[in-house]
Amino acid sequence: MTVFQKIIDGEIPCKKVYEDDDVLAFHDIAPQAPVHILVIPKKAIRSVDTAEQGDQSLIGKLMLVSAQVARQEGLGESGYRLVTNVGTDGGQTVFHLHVHIMGGRPMRGMG
Ligand code: 5GP
């Protein structure tokens, strides 16, 4: 079980900023930017690489909720970065699909 599953199940706390039946968003525990929020599906999907055709609308919702949360957190005007890491070389450390929202400063570089 991943740490994000434990957050979904309420076994460990998080600083929640958004929740509905499908999606949860909360502050990253080790922020890499002034605003750093994680948006996750409640369904246990390892990454976009293992997502299935039936997950299409859920993954679309994940992106739209990410934009909504970014606006809610005041990043709409200045802009922000959305990232989803896939696998070890992608930098993924928690194997439950998530979108990073990062903003509050200019985001530079892709590496
Ligand atoms: P990844 O490297 O898999 O793309 O991102 C995982 C993210 O989860 C990291 O930015 C890390 O700081 C965050 N993280 C790991 N454990 C916890 C936790 O227990 N709570 C919260 N809020 N974030 C976590």
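**Ligand site and an aromatic pair**

A nitrogen atom of the ligand sits 3.2 Å from a polar backbone atom of Ile29, which makes a polar contact (a pair of N or O atoms within 3.5 Å). Keep in mind that this is a predicted model, where local features need pLDDT of at least 70, side-chain atom pairs count only at pLDDT 80 or more, and totals for chains, interfaces and linings use all residues. Residues are numbered from 1 along each chain as its sequence is written, and side-chain values use heavy atoms, with hydrogens and water left out.

**Polar contacts and cover**

**Who lines the site**

- There are 17 residues around the ligand, and Asp28, Asn85, Thr93, His98 and His100 come nearest; being near takes a heavy atom within 4 Å.
- By type, the shell has nine nonpolar residues, seven polar and one charged, with Gly counted as polar.
- Helix α1 (3-8) and strand β2 (23-27) are the elements that give two or more residues to the shell; helices are DSSP runs of H or I with at least four residues, and strands are runs of E with at least two.
- The largest share, three residues, comes from α1.

**The aromatic pair**

- The structure holds one aromatic pair, meaning ring centres within 6.5 Å, with planes under 30 degrees apart called stacked, over 60 edge-to-face and the rest tilted.
- Phe4 and Phe26 have ring centres 5.6 Å apart and planes at 75°, so they pair edge-to-face.
- Phe4 is in α1 and Phe26 in β2, so the pair ties together parts 22 residues apart in sequence.

How values were computed:
A polar contact is a pair of N or O atoms within 3.5 Å; within protein, one must be able to donate a hydrogen and the other to accept it, and residues adjacent in sequence count only if both atoms are side-chain atoms. Rings of Phe, Tyr and Trp (its six-membered ring) pair if their centres lie within 6.5 Å; planes under 30 degrees apart count as stacked, over 60 as edge-to-face and the rest as tilted.
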